[in-house]
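I opened this notebook to record what I looked up about the chains and how they meet. My entries follow the order in which I checked each point.

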Amino acid sequence: MHGQTWPSVATTQASVLASDWRIFTIAGLAVAVLVWGLILFAMARWGRARRTDALPPQFRRNNALEITWTAIPLVIVCALFVYTYHAEADVEALATHPDVRVHVNAYRWGWTFAYTGGPTIDGTAADPPQMLLPLGRTTRIELTTSDVTHAFWVPDFLFKRDAIPGIVNRFDLAPDKVGTFLGRCTQFCGLQHAHMTFTVRVVPPDAFDRWVHGGAS
Amino acid sequence: MSAAAAVVEPPRNDLLSWITTTDHKRIGILYMLTTLGYFAVAGALALVIRTQLARPENSVVGPHEFAQLFTLHGTAMIFLFIAPFAIGLANFLIPLQIGAPDMAFPRLNAMGYWMFLFGGLIVFAGAGTSEGAAAAGWTSYAPLSEIKVSSGIGQDLWIVGVFLVSVATILTAINFVTTAFIYRAPGMTMWRLPIFTWEMIATSLLIFMAFPALAADLLLLFVDRHLGGHAFDPAYGGNAVLWQHLFWFFGHPEVYVMILPYFGVISEIIPVFSRKPIFGYTGLVLAAFAIAGLSMGVWAHHMFTTGAVNNPFFSFMSFLIAVPTGVKFFNWIATMWRGQLTFPTPMLFCMGFLMNFLLGGVTGVMVASPPVDFQAHDSYFVVAHFHYTLGGGSLFAIFAALFFWWPKIFGVKLGETLGKWCFWLLFIGFNVTFLPMHFLGIEGMARRVSTYPALGNLPILNLIATLGSYVMLAGAVVFAVDVIASTLKREPVGDDPWGANSLEWATSSPPPEHNFERLPPIRSERPVFDLRHPELDPEAGR
Amino acid sequence: MKTGVTLFISSAVFSIVIAVAYWLIAHEPVGTFLLGFMAFALSFVAGYMIVAERDADLVGDEKEAAPDDAAGEVLGTYSIHSPLPFWAGLALAVICLGLVVAPTLAALGTIAMLAVGALFVVQSR
């Protein structure tokens with residue numbers, strides 16, 4: 001089973017999310033290394049200067065420099081925003097005709113997965129439920145809760161969404177890797193929050209079809 | 001300008017004089033010592049949390065105790081330490097920095113302190129009740145915090161305690177702005193104010209705009225719990241997301257309330273130990289207000305996974321905040337550039353602040369991207385992010401402030417050797433604790449979990465984090481030893497032991513009750529420096 | 001004082017722009033109300049300050065002022081001690097505690113707070 005290790009990026013949406021992570025990590029690390037470098041350089045270069053009576057040059061401002069280091073970051077964050085806007089739209093896009101629909105209800109402390117035209121799976125902390133999904137098909141998740149706010153997170157899909165009373169959150173999952181992936185609640189919901197887990201098992205579509213129409217596990 | 005031999009009686013030092021004081025310096029000391037006490041308690045709670053999480057499926061505490069631990073840890077660190085320490089420091093410093101004898105409303109000032117003290121005690125009193133203290137997190141989300149689910153009186157004590165602290169904060173902010181606007185000494189124009197005072201003005205504006213939303217949220221929750229309200233219950237036409245909107249409309253500005261004063265601290269200390277003026281004074285002031293203004297418009301970046309808010313709006317606004325923050329960083333580095341740097345303990349903590357907060361800021365920009373946040377939200381990645389900004393940032397600035405202003409406040413210097421030990425233990429301990437948490441989050445560990453499975457890298461990363469937290473404990477203990485040792489040694493200091501810049505260094509250490517015997521002329525933001533260097537033009541290069 | 005006025009006017013304008021932008025982009029009522037109320041409050045303060053600034057004559061605003069410019073005759077001696085803040089803080093805490101634990105306590109706290117308020121008025125005369 002995959003879980004609690006480096007995410008396996010197991011849906012098409014997750015691939016978009018992983019690219020977004022990579023861009024932001026690279027940009028972030030680049031900025032961090034640059035600025036750390038400047039700080040450490042200044043400390044090393046002028047930190048061993050002997051303290052003489054003469055003061056160092058007492059400069060206070062440099063308009064060109066200040067404008068530059070305001071404008072360049074502004075351009076960078078605008079570019080990052082355009083990228084992230086499209087990435088999010090991509091991930092949250094809902095297919096017109098999903099192949100599978102699962103209504104997910106989160107509760108204290110377990111999950112119910114009700115497949116439209118299929119079985120209903122329920123499980124709690126003692127015996128976490130398993131959601132079966134077909135490889136290469138689009139599954140629509142309709143997520144809500146019957147009590148407090150919870151959240152549906154599958155780290156290997158790089159995705160989570162809140163389960164909020166009175167609201168049905170809809171999102172699509174299109175798995176592109178077979179395997180069993182750990183899922184859990186992430187919005188603190190009380191005593192058994194730490195154990196409110198589930199698994200998602202991605203199988204080839206024919207195996208899924210056999211299962212959903214009543215029969216083999 | 002040392003105090004002339006004026007015939008004044010030494011200030012009374014009995015308990016009653018401290019309980020009835022309206023002197024901003026004493027109120028500041030009361031705040032800072034009380035917040036350090038809450039820090040010790042909140043830190044102890046964190047050590048229990050880390051001990052529980054050192055190994056998978058551990059049983060040091062059960063889930064209900066664990067929930068109280070992280071609720072009180074967050075509540076105490078945020079409401080009872082980081083923010084009010086800054087308020088205490090500002091209380092001590094603002095009148096001195098602007099050349100005033102006290103705050104505009106001294107009795108209101110004192111009342112705010114007592115409200116703060118009692119509010120915090122009320123919150124903690126919940127721990128002594130049969131169902132325990134509040135256990136819904138410092139964010140106390142409804143519906144979890146409603147009476148049906150959180151039936152204990154501890155939750156109610158949390159609500160009223162936090163409410164009391166919130167009102168106290170608003171009243172104190174009124175004092176800060178009024179004092180800074182009205183009570184400046186001759187020549188202390190707004191554009192000659194020390195950066196710390198400017199940051200406190202911006203912080204006060206944030207307090208005015210943000211805390212009422214929290215007060216409203218708490219009121220609604222109380223009415224829901226006890227007076228038949230259903231504000232957050234969709235079955236009665238309420239809205240569960242409403243709690244989050246109101247809370248984060250307060251909650252995001254609150255984190256800027258917890259960092260802007262410390263940007264001010266850094267801006268005061270770096271110039272002193274670079275022997276240069278602060279670079280880009282105007283830019284720093286404008287950036288402070290840009291950050292404050294923008295911070296009012298980003299709150300729902302805490303709600304990216306709800307599906308109930310316009311993610312792009314909040315994502316864009318959150319990205320924008322990185323720009324003025326970057327401006328500040330570049331100004332600080334430029335202040336050091338070509339200077340004559342020395343690294344006594346206050347400066348070490350400033351360098352630690354810069355290194356740590358930078359990483360926190362970078363991960364902040366990362367989680368401002370909703371696709372990243374879909375993984376990071378409510379995971380240990382975001383726990384790492386906010387500890388790097390609040391712990392690596394604000395906490396390090398608090399220690400910088402303590403070591404820098406301790407001589408002015410108490411008239412004795414803290415020991416340098418112990419100070420350096422304190423810094424390195426905290427710096428190493430802090431990074432060993434929180435760096436692994438980025439990976440824990442990415443690899444699927446949620447926050448607020450009392451335990452986790454023995455899978456993957458979770459056990460080893462958690463163990464490393466726990467060991468780091470014990471190193472931090474050592475650093476805190478060293479600080480306590482330093483305080484005790486220096487108090488026993490009682491080596492007195494003069495007005496200006498560091499060779500500093502702003503007006504508080506123009507009077508004795510500690511200052512007399514009325515603050516100044518005589519004010520120097522004020523022609524720049526560093527009047528004490530100008531006094532030491534009459535050969536230089538104070539207004540050169542402005 | 002001009003800086004203070006500018007600060008509040010800029011804040012008010014900024015908040016109006018953000019409130020309008022938020023409504024147009026998000027159409028979300030809670031946030032719009034909060035931002036709108038903030039804009040109203042800042043505009044109110046800005047308006048007051050514009051009026052107040054006309055009469056402002058602060059020695060702290062004069063760039064060339066010398067320390068002695070603020071010196072004046074001794075107006076009186078003021079105590080830097082007062083028991084009222086402690087009692088007020090305690091009374092408010094008792095009210096809050098009473099709301100949770102027992103309404104009688106809240107009533108007692110309210111009476112105590114009113115007493116402190118009365119003493120404050122007397123002390124300020």
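**Entry 1: conventions.** I worked with a predicted model, in which local features need pLDDT of at least 70, side-chain atom pairs count only at pLDDT 80 or more, and totals for chains, interfaces and linings use all residues. Residues are numbered from 1 along each chain as its sequence is written, chains are lettered from A and ligands numbered from 1 in the order in which they are written, and side-chain values use heavy atoms, with hydrogens and water left out.

**Entry 2: which chains touch.** I looked up contacts, meaning heavy atoms within 4.5 Å. There are 2 pairs of chains in contact, and chains A and B share the most contacts. Chain A and chain C do not touch, and I noted 14 Å between their nearest C-alpha atoms.

**Entry 3: the interface of chains A and B.** I found 80 residues of chain A in contact with 97 residues of chain B. The two chains bury about 7800 Å² between them, with 69% of it on carbon and sulfur atoms; buried area is the accessible area (1.4 Å probe) that two parts lose on being put together, summed over both. Arg275(B), Phe279(B) and Phe374(B) supply 9% of the area that chain B buries against chain A, more than any other three residues.

Entry 4: I noted a count of 1 salt bridge between chain B and chain A, where a salt bridge is a side-chain nitrogen of Lys or Arg within 4 Å of a carboxyl oxygen of Asp or Glu. Arg60(A) and Glu525(B) form a salt bridge through their side chains, at 3.0 Å from N to O.

**Entry 5: the sheet of chain A.** I then turned to an open sheet of 5 strands in chain A, in the order 4-10-9-6-7 with mixed pairing. Strands (E, at least two residues) are DSSP runs, numbered from the N terminus, and two of them pair if DSSP finds at least two bridges between them. Strand 4 (130–134) and strand 7 (159–163) of chain A stand at the edges with a single partner strand each, so one side of each has no neighbour in the sheet. Strand 9 (residues 179–185) and strand 10 (residues 197–203) of chain A pair in the antiparallel sense over 6 bridges. I also recorded that Phe181(A) has Val200(A), in strand 10 of chain A, as its bridge partner.

Methods. Helix = DSSP H or I, 4+ residues; strand = E, 2+ residues; numbered from the N terminus.
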